[in-house]
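Student: I would like to learn how to read the features of a model such as this one. Could we take them in turn, with the general idea before the particular case?

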Amino acid sequence: MKKDTVTITDNATGKSFELPVTRGTMGPRAIDISRLYRDHDFLTFDSGFQSTASCSSQITYIDGEKGVLLYRGYPIDQLAGQSTFLEVAYLMINGELPTAAQLEDFQGNIRRHTMIKESLKGFFKGFYHDAHPMATMVAVAGSLSAFYHDTLDIHNPLHRELAAYRMIAKMPTIAAASFKHSISEPLIYPKNNLSYCGNFLHMMFSLPSEDYQVDPIAEKALDMIFILHADHEQNASTATVRLSGSSGANPFACLSSGITALWGPAHGGANEAVLRMLSQIGSIDQIPKYIAKAKDKNDPFRLMGFGHRVYKNYDPRAKLIRQMCHEVLNKISGTGDPMLELAMRLEEIALNDEYFIERKLYPNVDFYSGLIYKALGIPVNMFTVMFAIARTVGWVAQWMEMISDPDQRIGRPRQLYTGSQQRDYVPMKKR
Ligand code: SDX
């Protein structure tokens, strides 16, 4: 059996050396370069980490060529069709599907932590009403460490578990409070006899002056969308949470760093950008003009919701959300949504255009999700907040996996220095 190594030949010196090759359960083999610098004085260069595995993980597997997404080995379409968001959260954190008793216990632990400290509610008053809810989320989520940091030993499994419950439980409460503040309505307390998504809808849309009935169609649609957004291996925000956590920072500070990274339009901010793009396009006859702009290298315009670093096939999540769009939009709004028609026409034209075909640019999870959020009455500036609520489960699971790894070390990438050679300071009178 050939040794699992690769041989590197340095043509500048004619010297060769071997590097070990490692492999996971599935996916491409990896060249282990952890000793490359120490033993052979070489760095590797991979801006944007296009070919770099930053860690090993057992949580999520993606096959970008085949459009496959597994959470702990279970296909995303089976989980979306048969599971619930909190059951997926249990699976993601613990590695196995729960028994009925384990799920009930887990749901009870989440319910017990849905409220936020009364004094924390004052933080929202410090923001203007036009503050972007993601700005509020970054601030308030990170401030949780001011309330719980003293009871938090990240190397104590019980403390990690408690922090996990708190983050998963409080994100919907903080998100709904960010929304209520932005529309100058009173913050609504959670009602723990409701489901996770039902409670969120209640905190978002109920008023102290009226009874509120959770719409079961909206509740089910939201639960499925949260499942689809729960985790996605080492995406930008999860990698940020891991890097923050690798220094020993408390989990709430790491959560805030994940929300920050998710906000960008190239990542979780894309769902908000898609709706703004569809509004900008306006009508089907304008599509060719915007497709041309997306292809023009001199034009910064990109087709938001299209393309993906890993998927070079249809994002399996987009396929499921697209299907849900038809079901939900007709049930909720009763009529076809012109935005959905526009989105589907845009997709059809793009997928038949050589530029997109050649670059394997397909719709991703963000292309359709906003259309459902809009139908549920969620405003565009809350779309990325929705993504953050769901992705908190992935961030928490990946953070717990990293911190409990005995080989875990601080993440500290190197660089390719392209600046000035050493030079002497020039006094002002000689410049
Ligand atoms: C998410 O990583 C994850 O897993 C993320 C995510 C998750 O669940 O965590 O899946 C969620 O972030 C989905 C992606 C949401 N972002 C968008 O929809 C924004 C629009 N998409 C692009 O910005 C882009 O496709 C990225 C950021 C998603 C991927 O960027 P890459 O992998 O760096 O791709 P690239 O920039 O190298 O593009 C390759 C080519 C380039 O053209 P050439 O230089 O080869 O001529 O494709 C072009 C790009 O210009 N291209 C696009 C395009 N996306 C890529 N051209 C027009 N419109 C686009 N959307």
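Tutor: Let us begin with packing, where contact means heavy atoms within 4.5 Å: the buried residues of helix H6 pack against helix H5 (118-125), helix H7 (157-182), helix H11 (251-262) and helix H18 (383-403). This is a predicted model, in which local features need pLDDT of at least 70 and side-chain atom pairs count only at pLDDT 80 or more, while totals for chains, interfaces and linings use all residues. Residues are numbered from 1 along each chain as its sequence is written, and side-chain values use heavy atoms, with hydrogens and water left out.

Student: Which residues of H6 are buried?

Tutor: Buried means under 20% relative accessible area, exposed over 50%, and partly exposed in between, with a 1.4 Å probe and protein chains only. In H6 the buried residues include Pro133, Met134, Met137, Val140, Ala141, Leu144 and Tyr148. An α-helix has 3.6 residues a turn, so residues three or four places apart point the same way.

Student: How many residues does H6 have, and what does H6 reach from its first C-alpha to its last?

Tutor: Helices are DSSP runs of H or I with at least four residues, and strands are runs of E with at least two, numbered from the N terminus. The expected span of a helix is 1.5 Å times one less than its number of residues; H6 (residues 133-148) has 16 residues and reaches 23 Å, close to the expected 22 Å.

Student: Which residues are closest to the ligand?

Tutor: A residue is near a molecule if one of its heavy atoms lies within 4 Å of it. Here 24 residues surround the ligand, and the closest are His232, Leu303, His308, Arg309 and Arg317.

Student: Where does Arg317 lie, and is Arg317 buried or exposed?

Tutor: Arg317 is found in helix H14 (residues 316-333), and its relative accessible area of 2% is why it counts as buried. Leaving aside neighbours within four places in sequence, Arg317 is in contact with residues including His232, His308, Tyr311 and Arg391.

Student: What does Glu65 show for comparison?

Tutor: Glu65 sits in the loop between strand E4 (60-63) and strand E5 (68-71), and it counts as partly exposed because its relative accessibility is 47%. Not counting residues up to four places away in sequence, Glu65 touches Lys312, Asn313 and Lys360, while its C-alpha atom is separated by 26 Å from that of Thr384, 319 residues apart along the chain.
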